[in-house]
Amino acid sequence: MNVRSPGLWIGVFSLLAVLGVALVDMRQTSPGPLATAHGRVPELNGRAGCAECHGGLMGGMTQACLDCHAVVADQIELGDGLHGAVEAERARLCSLCHSEHHGAEFELVNRASFAQVGAPSVEEFDHGLVGWEMAGAHLELECSECHENADLDVLPEGALRFIGLDQDCATCHEDSHQGALGRDCATCHGQESATE
């Protein structure tokens, strides 16, 4: 080995530069505080918590998100619900719709989240995207009349904001037929009024 070789010295200095950048990067601090929902999880707090969400050396951020948010992972896998209605590759870019490190008061599901799926606002979300053509009297309802956590700033631990509603009419409406006519209410009833 020729110690006067320029290639050897370029290689040595390149290696030292890469190691220097890696050491600086390891001491990196959070770009900002976590939203309340993530901040209350002990494993996510502090510098060691970065790898929990960002995947560390052997993982990625998407898998870390889906490991904690199994309902979303199921939607993507089954092509069900909002996350299943979005193109799979795009649905796996969690931070595209759910940004983090903006502080405790930041809402992880917000206007930007809905804009990514073509809704100008939460109130103007097209429920047809999730397989439910909302019409008539349902259009006059506030989101929180069906999605009980829609207006909460911070969800209770384990609660869901918009995911998980059953599209069965009897979920919200009393079945005056007591199941005698089956569960397909739309055969006889529309959405124009509660008694139609």
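Buried here means under 20% relative accessible area, exposed means over 50%, and partly exposed is in between, with a 1.4 Å probe and protein chains only. Quick housekeeping: this is a predicted model, where local features need pLDDT of at least 70, side-chain atom pairs count only at pLDDT 80 or more, and totals for chains, interfaces and linings use all residues. Residues are numbered from 1 along each chain as its sequence is written, and side-chain values use heavy atoms, with hydrogens and water left out.

So, back to the rings. How many aromatic pairs does the structure hold? Two. Rings of Phe, Tyr and Trp (its six-membered ring) pair if their centres lie within 6.5 Å; planes under 30 degrees apart are stacked, over 60 edge-to-face, and the rest tilted. Phe 114 and Phe 125 make an edge-to-face pair, 5.7 Å centre to centre with 80° between the planes. Phe 114 sits in helix H9 (residues 111-115) and Phe 125 in the loop between H9 and helix H10 (143-146), so this pair ties together parts 11 residues apart in sequence. Helices, by the way, are DSSP runs of H or I with at least four residues, strands are E runs of at least two, and both are numbered from the N terminus.

Phe 114 is buried too, with a relative accessible area of 7%. Phe 114 also pairs edge-to-face with Phe 162, at 5.5 Å centre to centre and 85° between the planes. Phe 162 is in the segment after H10, so that pair ties together parts 48 residues apart in sequence. Phe 162 itself is partly exposed, at 24% relative accessibility. Put together, Phe 114, Phe 125 and Phe 162 form one aromatic cluster.

Now, His 127 is also in the loop between H9 and H10. Buried or partly exposed? At 19% relative accessibility, His 127 counts as buried. Skipping neighbours within four places in sequence, His 127 touches Trp 132, Met 134 and His 147, where contact means heavy atoms within 4.5 Å.

Zooming out, the chain has 10 helices and zero strands. Its radius of gyration is 24 Å, well over the 16 Å from the globule rule for 196 residues, so the chain is more spread out than a compact globule. That radius is taken over C-alpha atoms, and the rule is 2.2 Å times the number of residues to the power 0.38. The C-alpha trace spans about 90 × 30 × 30 Å along its principal axes. And of the 196 residues, 19% count as buried.
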